[in-house]
Amino acid sequence: MPKCPRCEKEVYFAEKVTSLGKDWHRPCLRCEKCNKTLTSGGHAEHDGKPYCNHPCYAALFGPKGFGRGGAESHTFK
């Protein structure tokens with residue numbers, strides 16, 4: 001039985017969501033930065049961790065500077 005990468009509990013077929021090559025519980029597939037629940041395939045990945053496309057991934061790992069990447073109003077420190 002596969003284990004969820006977030007909570008380390010077993011993932012049963014009825015509750016499984018597959019993303020990043022792993023099986024997750026639906027509530028466990030969340031953005032690493034803002035904790036927003038993500039859909040399978042509707043997010044970005046960095047170092048094996050899921051991030052929402054906007055604003056988190058764009059602000060953390062996208063191009064920097066005004067008007068680049070569509071995340072100019074979001075900056076994380």
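Rings of Phe, Tyr and Trp (its six-membered ring) are taken as a pair if their centres lie within 6.5 Å; planes under 30 degrees apart count as stacked, over 60 as edge-to-face and the rest as tilted. By this criterion, ring pairs join Tyr 51, Tyr 57 and Phe 61 into a cluster. The model is predicted: local features need pLDDT of at least 70, side-chain atom pairs count only at pLDDT 80 or more, and totals for chains, interfaces and linings use all residues. Residues are numbered from 1 along each chain as its sequence is written, and side-chain values use heavy atoms, with hydrogens and water left out.

The protein chain has one helix and four strands. Helices (H or I, at least four residues) and strands (E, at least two) are DSSP runs, numbered from the N terminus. Along the sequence the pattern is β-β-β-β-α. The protein chain has 77 residues, of which 27% count as buried. Buried means under 20% relative accessible area, exposed over 50%, and partly exposed in between (1.4 Å probe, protein chains only). The protein chain exposes about 5,200 Å². Carbon and sulfur atoms supply 51% of that area. Accessible areas come from the Shrake-Rupley method with a 1.4 Å probe; for residues, only the protein chains shown count as cover. Contact means heavy atoms within 4.5 Å. Among contacts between residues at least 6 apart in sequence, 13% join residues at least 24 apart.

A search of the whole structure finds two aromatic pairs. The ring centres of Tyr 51 and Phe 61 are 5.3 Å apart and the planes stand at 75°, so this pair is edge-to-face. Tyr 51 belongs to strand E4 (residues 49–51) and Phe 61 to helix H1 (residues 53–61), so the pair ties together parts that are ten residues apart in sequence. Tyr 57 and Phe 61 form a tilted pair, with 5.4 Å centre to centre and 50° between the planes. These two residues are four apart in helix H1, and therefore separated by about one helical turn. Tyr 51 is buried, at 10% relative accessibility. Phe 61 is partly exposed at 32%, and Tyr 57 is partly exposed at 27%.

His 25 is buried, with a relative accessible area of 10%. A polar atom of the His 25 side chain lies 3.0 Å from the backbone oxygen of Glu 10. Leaving aside neighbours within four places in sequence, His 25 is in contact with Cys 4, Cys 7, Lys 9, Glu 10, Val 11 and Glu 15.

Conventions:
A polar contact is a pair of N or O atoms within 3.5 Å; within protein, one must be able to donate a hydrogen and the other to accept it, and residues adjacent in sequence count only if both atoms are side-chain atoms.
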